[in-house]
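Work through the exercises below with the model open. Try each task before you read its solution.

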Amino acid sequence: MIYLDNSATTPIDPEVSKAMWPYLNEEYGNPSSKYYTLAENAKKVVEEARGHVASLLSCQPSEIIFTSCATESNNFVLKGVAHYYKNKGKHIITSKIEHKSILETCKFLESEGFEITYLDVDQYGQVQLETLKGAIREDTILISIMWGNNEIGTLNNIQELAKYVKQQHSHIFFHTDATQVLGKIEVDLSKVPVDFLSLSAHKMYGPKGIGACFIRKRELGLRTKITPLLHGGSQEDGYRSGTLSVHNIVGLGKAAEMARLHLKEHQSKLLKLEKHLVSALKENFPNIKFNGHPEQKIPGVVNFTIPGINNELIIRSLKEKFAISTGSACSINEPSYVLNSIGLNTLEVKSSFRVSLNKYLDYSKVSDFCIALKEAVRNLMI
């Protein structure tokens, strides 16, 4: 199997699983317990992991809250801000091509009386500053715009969008889902003034079931107040109750550490593999169309349309040897609303594919895929 669906999840790095192993066996203490060694050891490694995640984001360790995944982090931020600040306003802004965990949460908040503005994107899938400016109202309390799109790879200019909001409307909170970009591009929160950021470990060679939420401290080091999603104990400074998943947190920490140390190397390899893939696809399919921004994009994510070809039939014919997708794993069996939003019609959507690369691939595997895809298309046309 040649795995080409890394936007859905990445394979776990052997160094990550190695780091996790002791905390699945010998070191099983609860970090919320006190005084004895197993608990103290667990608490220590949790804080070390928090530091690694903070280093990757260029923020303070105390601004990192561990969650189960980016979906939880997204729900936590949107519901938490909405419920805590509802007396100041009930208007939220997002985009039409956000991850399902944002869009479905917004639909839920609409059922509670909040008003949601879903911004249009341009032909590449970017939110333009002027579009955002025109949507802001006096009662706007939160803006949530993804850093990079999981289907087409397009990057938003989060620095520009967030800077405008914080300079001109400082009372409005700004959240970004950065799940797809970490470890692939630089994310420096000392320069990008977002208030909240969501991430998952399993998109950067870490384990599933663990994520984090960045919550920026306010002036004088005060914490931003939002309503917790989970109530119970006082874990994570009261933001997120529940016994900490130490082995998974260690895995996230190790994945974050490796992502920071090898960012340039990883980014360079993905870009070279992507260039090879795009070149081979163009050579084999003269009528191919690539979707998303050609330059301002996540390295290693390629979305393309081969007119007249049914993507599901092709994917099924290749499934024994290659793993590719039609789009988001969270929108299975549904037409891509992302591709619709950038102007593709129904037939074009059904002829589109997403290939997302990882650091373990080489040119030969990418070439093998292109050859197999060409053969599958030829067989389908017979």
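**Exercise 1: Helix H4**

Just after H4, Gly 113 has a positive phi of about 100°. This is a predicted model: local features need pLDDT of at least 70, side-chain atom pairs count only at pLDDT 80 or more, and totals for chains, interfaces and linings use all residues. Residues are numbered from 1 along each chain as its sequence is written, and side-chain values use heavy atoms, with hydrogens and water left out.

Task: check the span of H4, then find its buried residues and what covers them.

Solution. 
- Step 1. Helices (H or I, at least four residues) and strands (E, at least two) are DSSP runs, numbered from the N terminus. H4 covers residues 100-111, twelve residues.
- Step 2. The expected span of a helix is 1.5 Å times one less than its number of residues. For H4 that should give 16 Å, and the end C-alpha atoms are 16 Å apart, so the two agree.
- Step 3. Buried means under 20% relative accessible area, exposed over 50%, and partly exposed in between (1.4 Å probe, protein chains only). The buried residues of H4 are Lys 100, Ser 101, Ile 102, Leu 103, Thr 105, Cys 106 and Leu 109.
- Step 4. Contact means heavy atoms within 4.5 Å. The cover over these buried residues includes helix H3 (70-84), strand S3 (91-95), strand S4 (115-119), strand S5 (140-144), S6 and helix H10 (337-341).

**Exercise 2: Helix H7**

Task: is H7 mostly covered or mostly uncovered?

Solution. 
- Step 1. H7 has 16 residues (246-261), which should span 22 Å; its end C-alpha atoms are 22 Å apart, in agreement.
- Step 2. Twelve of the 16 residues are buried, so H7 is mostly covered. Among them are Val 246, Asn 248, Leu 252, Glu 257 and Met 258.
- Step 3. Covering elements include helix H1 (14-20), helix H2 (37-57), strand S2 (64-67), S7, strand S8 (211-215) and helix H8 (263-284).

**Exercise 3: Aromatic rings**

Task: how many aromatic pairs are there, and which parts does the pair of Phe 173 and Phe 196 tie together?

Solution. 
- Step 1. Rings of Phe, Tyr and Trp (its six-membered ring) pair if their centres lie within 6.5 Å; planes under 30 degrees apart count as stacked, over 60 as edge-to-face and the rest as tilted. By this rule there are eight aromatic pairs.
- Step 2. Phe 173 and Phe 196 form a tilted pair, 5.6 Å centre to centre with 55° between the planes.
- Step 3. Phe 173 lies in strand S6 (173-177) and Phe 196 in strand S7 (196-200), so the pair ties together parts 23 residues apart in sequence.
- Step 4. Both Phe 173 and Phe 196 are buried.
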